[in-house]
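Colleague: Please pick one part of this model and go through it closely for me. Keep it brisk.

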Amino acid sequence: MTSEKVDCLIIGSGPAGYTAAIYASRAGLNPVLYQGAQPGGQLTITTEVDNYPGYPDGITGPEMMINFEKQAKRFGADIRYGMATEVDFTSYPRKVIIDGKKEILADSVIISTGATAKWLGIEGEERLNGRGVSACAVCDGFFFRGQDVVVVGAGDTAAEEASYLAKLVRKVYLVVRRDEMRASKIMQKRLETLPNIEILWNTETVSLNGEEGLESVLVKNNKTGAETLLDVTGFFVAIGHKPNTEIFKGYIDMDETGYIKTIKGSAHTNVQGVFACGDAQDNVYRQAITAAGTGCMAALDAERFLMEREVEVIADDILEIN
Ligand SMILES: Cc1cc2nc3c(=O)[nH]c(=O)nc-3n(C[C@H](O)[C@H](O)[C@H](O)COP(=O)(O)OP(=O)(O)OC[C@H]3O[C@@H](n4cnc5c(N)ncnc54)[C@H](O)[C@@H]3O)c2cc1C
């Protein structure tokens, strides 16, 4: 296995990773960034991004991410294809294996591996993604003003998405598989106060219909077997996200879903020299701008960490780190 030593390793190429790369390269950390299986991250699978500041006319997700990459390269970030497949954070420098065949020894590691929205896996979901089907009300709700939409899910995410959409759209059908929701009592109470939300209990989605865009959704009551065709143009899947953090399990603190825990007000994880940013550590906001913001924090925290470490090395000649 080949080995390489770097000052700063960034894992992931979404808004968080590229922003970290811009700041880290400008700070002279010579960052090396591995893009993973989805160069550009989640925004590469969407069409219009209308809520990222600085683009008054909006921009497509793929175009925006090409701009992020170009900007990081302009300052010398070393951007590479490859996937982090294994890590060892018990020794220092931190060890990360790329594609199972290359070892990177990094004085600082920035984790920006993002998250993946969970989908239902039904026919039409992928085909109509971005053309009526979405997993993010804050991102896409605005496109459905005055229209009727479906939200699927029963947890806090679904309750939040439905409440958010209720302010914009004419009607929200909340499709719940069982006869109760998992969302907190307070969120459920809030739903009851919104007159344009109708909860369809014991209901499942059968099919999504439409060619160029979503035209209707067929749902079925799983108790009675009765089918209903809902005349809607939006279909929001709100059954949760999965952070892409599997390989870090056992090395850094995470919550029960796998979101990395950072020290409040910073990008520090519980492991010195390892920082986390973007959706991999954020189960609340999950936006490009917040991912970019925390990417900036991670690079600045890494820069300070490396500077302090250098001072310590000069002072003691020996570095003890856990
Ligand atoms: C369809 C859709 C539309 C959206 N629309 C909007 C919108 O309009 N506005 C908005 O603000 N937000 C939107 N979002 C949310 C936004 O995309 C995310 O909040 C944002 O992309 C998170 O950025 P990130 O950098 O944390 O991670 P991601 O964008 O998820 O990127 C993660 C990166 O990590 C890489 N990676 C993962 N594992 C590894 C590994 N082991 N090794 C190396 N690399 C790895 C992946 O290849 C990827 O490059 C949308 C999301 C979706 C799915």
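**Loops, helix pairs and ligand shell**

Modeller: D99 sits in the loop between strand 7 and strand 8 (102-111). Helices (H or I, at least four residues) and strands (E, at least two) are DSSP runs, numbered from the N terminus. The model is predicted: local features need pLDDT of at least 70, side-chain atom pairs count only at pLDDT 80 or more, and totals for chains, interfaces and linings use all residues. Residue numbers start from 1 along each chain as its sequence is written.

D99 has a phi near 50 degrees, a positive value in a residue other than glycine. Look next at P93, in the loop between strand 6 (84-88) and strand 7 (94-98). The peptide bond joining Y92 and P93 is cis, with omega about 0 degrees. Most residues other than glycine have a negative phi, and most peptide bonds are trans.

Next, the record. An unreviewed UniProt entry annotates residues 7-295 as "domain: FAD/NAD(P)-binding". Such positions are given in the numbering used here, feature names are shortened, and annotations may be inferred rather than shown by experiment. In the model, this span is 20% helix and 28% strand. The C-alpha atoms at the ends of residues 7-295 lie 17 Å apart.

Now the ligand. Its shell has 41 residues, and G14, G36, G41, G114 and G278 come nearest (C-beta atom, placed from the backbone, within 6 Å). Helix 1 (15-26), strand 9 (115-117) and helix 6 (288-316) each give this shell at least two residues. By class, the shell has 22 nonpolar, 17 polar and two charged residues (Ala, Val, Leu, Ile, Met, Phe, Trp, Tyr, Cys and Pro nonpolar; Asp, Glu, Lys and Arg charged; the others, Gly among them, polar).

Helix 1 also packs on a partner. Its axis and that of helix 2 (residues 61-74) come within 8 Å and cross at roughly 20 degrees (lines fitted to C-alpha atoms over the stretch in contact; angles from 0 to 180 degrees between N-to-C directions). Helix 1 is therefore roughly parallel to helix 2 (under 35 degrees; over 145 is roughly antiparallel, 65 to 115 roughly perpendicular, the rest oblique). P15, Y18, A21, I22 and S25 of helix 1 meet F68, E69, Q71 and A72 of helix 2 (C-beta atoms, placed from the backbone, within 7 Å). That contact has six nonpolar, two polar and one charged residues.

Helix 4 (residues 156-166) and helix 5 (residues 185-192) form another pair, with axes 10 Å apart at an angle of about 30 degrees. So helix 4 is roughly parallel to helix 5. Helix 4 contributes D156, A159, E160, A162 and S163, while helix 5 brings M187, Q188, R190 and L191. This contact holds four nonpolar, two polar and three charged residues.

Terms used
Contact = placed C-beta atoms within 7 Å.
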